[in-house]
Amino acid sequence: MAAQIEGVFAKGLQEKIAKSKVLVVGAGGIGCEVLKNLVMSGFLNIEIIDLDTIDVSNLNRQFLFHKEHVGKSKANVARESALTFNPNANIKAYHDSISTSDYGVNFFQQFSLVLNALDNRAARNHVNRLCLTADIPLIESGTAGYNGQVELIKRGLTQCYECVPKAAQKSFPGCTIRNTPSEPIHCIVWAKHLFNQLFGEYNDDEEVSPDTADPEAGADVGKAALAKEANEKGNVDRVNTRAWAIQCKFDVKKVFNKLFVDDIQYLLSMANLWKNRQPPIPTQWDSLDEQECNENVAATDSVLRDQQVPSLAQSARMFASSIKVLKEDFKKLPEGDHLVWDKDYKHAMDFVAACANIRAHAFGITCKSRFEIKSMAGNIIPAIATTNAITAGFVVMLAFRVLKEEYDKCRSVYVRLRLNGRNQVFVPERTIVPPNPKCYVCTAKPEVVLRVDTKNVTVRELRDDILIKALNMISPDVVLDGTGTIVISSEEGETDRNCEKKLEQLNIVNGCVLKADDFVQNYELSITVLHKDPAREEALFDIVADPDSLKPKEAEDVIHDDTLPSTSVAENGSASSNKKTRFLANTDDDDTDVCILIENEEQACSSSVPFSNQAKPSTSRSGVEKRKYTGEPEEPASKKMKVTVQPDEDEDDVIIMDD
C-alpha cells in the first residue's frame, strides 16, 4: 500500500492513521468513496454501518457495487470490495440502523472519529447528538447535485448539525390538495396521501376526499352530489376511504371510478370553485383504451419506461397492477399494522406515479414521467458521482487534520458547480464557526418553547409528531415539572393509558414546563409549553428554540453614520436632519458562497434567559447511567443565528442529501 511507504505522509500522521479507529455511517454514494479513500490512505481499523440493500439505481455512482450485488447489504458488500484495495485492513460491517439502542454512547466512544455519509436528516441528527455526548469528532458531509459540503462538528469548538435550522419541507393547504390542484406536486402529494389512506398509517389530516370545509366552496357545497344515489356508487357519503376499499375488496374498477369519477363529480357540484378555474374532467374506467393500456406491459421493468411520460391508459394499467400487489401485501400484515411508502419499492412507487398522473390529467395539469415523480415524491436531487468523489476526498483530508488535532484548520468546505466571485469552485469558510449559544442540542442547558393547541393535541401526538419527528428523539420519557407526573414513558405499556388524552387533561397547559429525556441519546430537554389557538390550515404546534424571541422586542440596534445619505422623510417632507440610521447587515462576501447550505446566518438572536429556574428532576430509569456534558456555556458566536424549528416529515433535507 503506497500510503504506508515512508515519506508519503509525515511520520506522525502515518502512525496516527494506522492506530486510529474510524466509524463510517452510511455506505451510499459518499460512503463508498469515503471507505475506498480510507483504505487507500492506510487506515486499518474501520467499521461501517448501513441499513440499506443495493438497488439497480445505485450502480451508476456507488462504484463498490456491481450488478451481481443487487439485493445484498450495502455495508457488507462495501466491506468486501474495500478489502480488495487493501487486504490488510480490518473492516467490520453492520447491516443495521444507527438509530437503534445497540449503538449508544459507549459504542461511539471507541472511535477516534466518526464520518457521516447519510442521506436523511433524522439519522444525521441522531449521530450528531451521540458524538456530542461521547465527545468524538464528527465529520459531516453531503451532496445535492453539483453542490457539496464537508464540515467538522466538535463539542465546544464548532457549531453542531442542529445549531442552524434546516429548511422545513414545503407543505400545501389541505383544500388545495383535495379540491383544486394546479401543479404536478399537488397531485403527487395527493397520491402519497391516498397510499396512506388505503394501505399506510391512517391520518385524518391527509384525507383525499373532497373538502367541504373549503372556504371558497361556499356554505351549500356538494348538494348536487349528495342528492344522487351516492351510497350505491361507493362513498360520496364520506365513509372512511380504507373501510370502503376493504369492503369492495380493492376492486380496481370501483376504486378507480370512486377516485376519478365520483369524487370529481362531487367537486364539480361545488360550483364556486370553478368560476375562475378550469373544471376537472371525470374519467370512467370503461372509457379507457384497452389496447393502449396493454402497450405498457412489455416495458414494465425497462429504464426507458421510467423516462417516458405515460398516456392516461398506461397510467391506468400501472394503477391496476400496483393496487393488486399492494392489496396482497396489505392482507399479509397482522391486524392493525400498515404498509410504509418507499420510493424504492416498485409497486408503491408505481401506485403514486399512476394516481398522480391520472389526477393531473383530470385537472388539466402537465403529467410527469415516473422518474420525475420519484424525484419529487422522495425529495430527491439526483446525485452526481463526481461531486460525491470530490466531497469524499475532502472528508478524508479533513480527517487527517483532526487526527493531527489541527482544529484551527478544520474549516468547512463547500463544493460549487461554477466559480464564485473569487474564482473558487471549492469554497472554504474563513473561520471556524463556533456553537450557537441558543442551540437546543449542544448548549449546556437545552431548552425550547413549544407553542401548541393543548386542548386538541393528544399525548400520542406529543410523543410521535413533536418529540420523535420534530425534535428527533428516539425513545423519550416526559415528566411534568413541579408535579412529577409521568406523561410519557419509554417502558412498554407504562403510560399507554395517556396516549389518547388531550394535553390539558394531564394539566399540560399554558406556562407549564415538561422535562423530556431520551436515554438512547443521553439527551435531556426542557420544554416550556405555550397554548395557541391555530387558525384553519395552520399547524397545531410550532417549536421555537430561542425563548427570548417570544418576548417583546426592544428597539432595533442601529449604527449612526452622519456621512450616509438620508432615505427617510421628515414631517415637513424634507429629508430628516441630524442622525441617519442603517440597520446592521452582514456584507461579508463569504456569505453568498454558503447561503444555500446555511440559512438565516445573518439574523441575530439575543441572549438566553431561562423560563424556569427550578431544579431539573432526574427522569432516568435505574440501571441507566447518564453521561451529560456539563461544561460552561460557550461565548456568543461571531455569526449569530436565529434558531427556529418547524416540524417536518423525514424525510429529507435536500441541501445535504446524498441519494
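The following legends describe close-up views of a predicted model.

**Figure 1. Overall composition of the protein.** The secondary structure of this predicted model comprises 19 helices and 17 strands. Of the 659 residues in the protein, 51% are buried. Among contacts with a separation of 6 or more, 71% are made by residues 24 or more positions apart.

**Figure 2. An open sheet of eight strands with mixed pairing.** Strands of a sheet pair through backbone hydrogen bonds, either parallel or antiparallel. In this sheet the strands follow the order β3-β2-β1-β4-β5-β6-β7-β8. The edges are formed by β3 (90–94) and β8 (426–428); each has a single partner strand, so one side of each is left without a neighbour in the sheet. On average, and with direction ignored, neighbouring strands of the sheet are turned by 15° against each other.

**Figure 3. Helices α3 and α5 against the sheet.** Helix α3, which spans residues 74–83, packs on the sheet and touches β2 (45–49) and β3. The direction of α3 makes about 165° with that of β3. Helix α5, formed by residues 121–134, lies across β1 (21–25), β4 (113–116), β5 and β6.

**Figure 4. The antiparallel pair β5 and β6.** Strand β5 (residues 138–144) is joined to strand β6 (residues 147–153) by seven bridges. Within this pair, glycine 142 stands opposite glutamine 149 in β6.

**Figure 5. Surroundings of threonine 387.** Threonine 387 belongs to helix α17, which covers residues 385–403. With a relative accessible area of 4%, threonine 387 is buried, because the cut-off for a buried residue is under 20%. When residues up to four places away in sequence are not counted, threonine 387 touches Thr143, Gly145, Tyr146, Asn147 and Gly148.

**Figure 6. Surroundings of glutamate 162.** Glutamate 162 is located in the loop between β6 and α6 (174–178). The relative accessibility of glutamate 162 is 5%, and this residue therefore counts as buried. A polar contact of 2.8 Å links the side chain of glutamate 162 to the side chain of arginine 129. Residues up to four places away in sequence aside, glutamate 162 touches Asn125, Asn128, Arg129, Cys439, Tyr440 and Val441.

**Figure 7. The crossing of helices α7 and α16.** Two packed helices are described by the angle between their axes and the distance between the axes. The axes of α7 (residues 184–198) and α16 (residues 370–377) come within 10 Å and cross at roughly 75°. The two helices α7 and α16 are therefore roughly perpendicular to each other. At their contact, Pro184, Ile185, Ile188 and Lys192 of α7 meet Ile373, Met376 and Ala377 of α16. Classified by type, the residues in this contact are six nonpolar, no polar and one charged.

**Figure 8. Strand β14 and its pairing with β9.** Strand β9 (residues 447–452) pairs with β14 in the antiparallel sense over four bridges. Valine 449 is placed opposite valine 544 in β14. From strand β14 (residues 541–544), Phe541 and Ile543 point one way, whereas Asp542 and Val544 point the other way. All of these β14 residues, Phe541, Asp542, Ile543 and Val544, are buried.

Notes:
Residues are numbered from 1 along each chain as its sequence is written. This is a predicted model: local features need pLDDT of at least 70, side-chain atom pairs count only at pLDDT 80 or more; totals for chains, interfaces and linings use all residues. Side-chain values use heavy atoms; hydrogens and water are left out. Two strands pair if DSSP finds at least two bridges between them. Axes are lines fitted to C-alpha atoms, for helices over the stretch in contact, and angles run from 0 to 180 degrees between N-to-C directions. Contact means heavy atoms within 4.5 Å. Buried means under 20% relative accessible area, exposed over 50%, partly exposed in between (1.4 Å probe, protein chains only). A polar contact is a pair of N or O atoms within 3.5 Å; within protein, one must be able to donate a hydrogen and the other to accept it, and residues adjacent in sequence count only if both atoms are side-chain atoms. Angles under 35 degrees count as roughly parallel, over 145 as roughly antiparallel, 65 to 115 as roughly perpendicular and the rest as oblique. Ala, Val, Leu, Ile, Met, Phe, Trp, Tyr, Cys and Pro count as nonpolar, Asp, Glu, Lys and Arg as charged, and the others, Gly among them, as polar.
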